[in-house]
Amino acid sequence: MLFKASGAQARLWAARVELALRHHPRAISGAVLTLLLGTGVTAFGVAPLTTLDAAPTPTRLISQEVALNHLASQVTALDEHDIELHRNDLTRGSDTADSLLQRLGVNDPEAAQFLRRDPVAQRILMGRPGKQVHVRSEAAPGGGQLVELVVRGPAADNDDSTSHFTRTTVRRGPQGLAVSSEQVALARDVRLGAGTIESSLFAAADEARLPDAVTMQMAEIFGSDIDFRRELRKGDTFSVAYETLTADGEPVTWSSGSGRVLSARFINAGRNHDAIWFQDGDHKGSYYGPDGQSKARLFLSSPLAFSRVTSGFAMRFHPIQKTWKAHLGVDYGAPTGTPVRAVGEGTVEFAGVQNGYGNVVVLRHSGERSTVYAHLSQIAVRKGERVAQGERIGAVGATGWATGPHLHFEFKMGGSQVDPMKIARASEAVLLSAAAKPRFEAVAATAMTQLASASRPAVAIARME
């Protein structure tokens, strides 16, 4: 039903609405909004009621032609332009030439055959997985033809694994596909990290996102100062500056991606232990304290780089003889095949089989000292051979009287077993030469600044030139 109001009634109604708006502006606005939303209005404008009779704003329509200059030539240029696709991936252990190219969006039977048959290109899929792959290919439905394939992987020589990488390039030229391979120097960055011990060193290092290789180096560096099995305390802290390795600006993916620890600090039971890497000219590099005294000792604290001590130098219940007796050595739990190293320079006195020891190596050192390495799965030295500290002499095994793979290690003084950890700590240290002291002090000052920064929340990264 429609109602038609007179002019007087309309003016009266407008006045009442205006009065209501003045007294209840928010309520009226909310009601209008609710009404509009409820009726499905999606675009609207509200004009003041006091200007209902205002004249509409004048508008003017302007029309102008736009000239499209040289449009035909631009379309032709775009049509003739070759579009290339760039993709990155990592090699997998199950990769074949065809599966790798397919995953990279390349549909090129000739390239696949080249990767299968060329002796240099074949190495791309050999060895460990995780090599970095970058490909350029033509853009085409279902994959295009290969333009260039660049693969970065480990150095050809294991001795160069922390200094170089292999760059293999397959490129299409006027004469077809060709391959080249070169050894390129890795770039080194310095990364800082820090952590606090809550349960174990490795747990704290994982929390600090440190690579395992860095954690193992720290354990090795401070192994003669701290018994990580018995002396580690909750609340101990560490900070470290270490190298990270990059290949053509990309982090290394086929190994731990970390290089040498450059400096480290471990605070154990309130006592500071600092270590700084320093190389004196052409001499072999080593770790030193801020005072210039070498962290290296005549004897390493462990014949394994890092492992779990399953039985220490103390009384124990013998697992085979089922009786309590003195354990005159240290047992290190480790997988079969783990390298075993000489804790000090010496001569091989015995290398063979001895009853319960199974495969065993005995080294004779200076000062009526000797070391025993038992239950080996492999023996890598011969009787009478001279070995250097840290040299591989065998591998962990379970030969002889062993309930599982581990290394039984003994240190003897004058024929009697003694605690290896005490011997390592008491062994002589090497002092830095007076001529190298000034250069070392400059290196040490930088290292101390880095370690102080490492303990702060922000982690710094600096490019090593």
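Which does Asn355 count as, buried or exposed? With a relative accessibility of 73%, Asn355 is in the exposed class (buried is under 20% relative accessible area, exposed over 50%, and partly exposed in between, with a 1.4 Å probe and protein chains only). The legends below describe a predicted model, in which local features need pLDDT of at least 70 and side-chain atom pairs count only at pLDDT 80 or more, while totals for chains, interfaces and linings use all residues. Residues are numbered from 1 along each chain as its sequence is written, and side-chain values use heavy atoms, leaving out hydrogens and water.

**Figure 1. Overview of the protein chain.** The protein chain contains 10 helices and 27 strands (DSSP runs numbered from the N terminus, helices being H or I of at least four residues and strands E of at least two). Of its 465 residues, 38% count as buried. Taking contacts between residues at least 6 apart in sequence, 61% join residues at least 24 apart (contact means heavy atoms within 4.5 Å).

Figure 2. The lining consists of 46 residues, and Glu220, Trp277, Lys284, Gly285 and Tyr287 lie nearest the centre of the pocket. Several elements supply at least two lining residues each, among them β7 (237–247), β9 (258–268), β10 (271–278) and β11 (286–288). Helix α8 gives the most, with five residues; α8 spans 212–221. By class, the lining residues divide into 17 nonpolar, 19 polar and 10 charged (Ala, Val, Leu, Ile, Met, Phe, Trp, Tyr, Cys and Pro are nonpolar, Asp, Glu, Lys and Arg charged, and the others, Gly among them, polar).

**Figure 3. Aromatic pairs, with Trp277 and Tyr287 as an example.** The count of aromatic pairs comes to nine (ring centres of Phe, Tyr or the six-membered ring of Trp within 6.5 Å; planes under 30 degrees apart are stacked, over 60 edge-to-face, the rest tilted). Trp277 and Tyr287 make an edge-to-face pair, with 5.1 Å from centre to centre and 65° between the planes. Trp277 belongs to strand β10 and Tyr287 to strand β11, so this pair ties together parts 10 residues apart in sequence. Trp277 is buried at 19% relative accessibility, and Tyr287 is buried at 13%. An aromatic cluster is formed by Phe222, Phe228, Phe238 and Phe266.

Figure 4. Arg265 is part of strand β9 and is buried, at 18% relative accessibility. Its side chain makes a polar contact of 2.7 Å with the side chain of Asp274 (N or O atoms within 3.5 Å, one able to donate a hydrogen and the other to accept it within protein; residues adjacent in sequence count only if both atoms are side-chain atoms). Leaving aside residues up to four places away in sequence, Arg265 touches several others, including Phe222, Thr237, Phe238 and Met448. Thr237 lies in strand β7 and is partly exposed, with a relative accessible area of 27%. Under the rule that leaves out residues up to four places away, Thr237 touches Gly195, Thr196, Arg265, Phe266 and Ile267.

**Figure 5. Thr168 in strand β4.** Strand β4 covers residues 164–173 and holds Thr168, which is buried at 8% relative accessibility. Not counting residues up to four places away in sequence, Thr168 touches residues including Val120, Ile124, Leu149 and Val179.

Figure 6. Most residues other than glycine have a negative phi. Asn355 has a positive phi of about 35° and sits in the loop between β18 (346–354) and β19 (358–365). His375 also has a positive phi, near 70°; it lies in strand β20 (residues 369–376) and is buried, at 5% relative accessible area. Gly367 is in the loop between β19 and β20 and is exposed at 55% relative accessibility. The C-alpha atoms of Gly367 and Met413 are separated by 8.2 Å, and these residues are 46 apart along the chain.

Methods: On a 1 Å grid over the protein atoms alone, a cavity is a set of points where a 1.4 Å probe fits but cannot get out, and a pocket is an open set with protein on both sides within 12 Å along at least five of seven lines; lining residues have an atom within 4 Å of a point.
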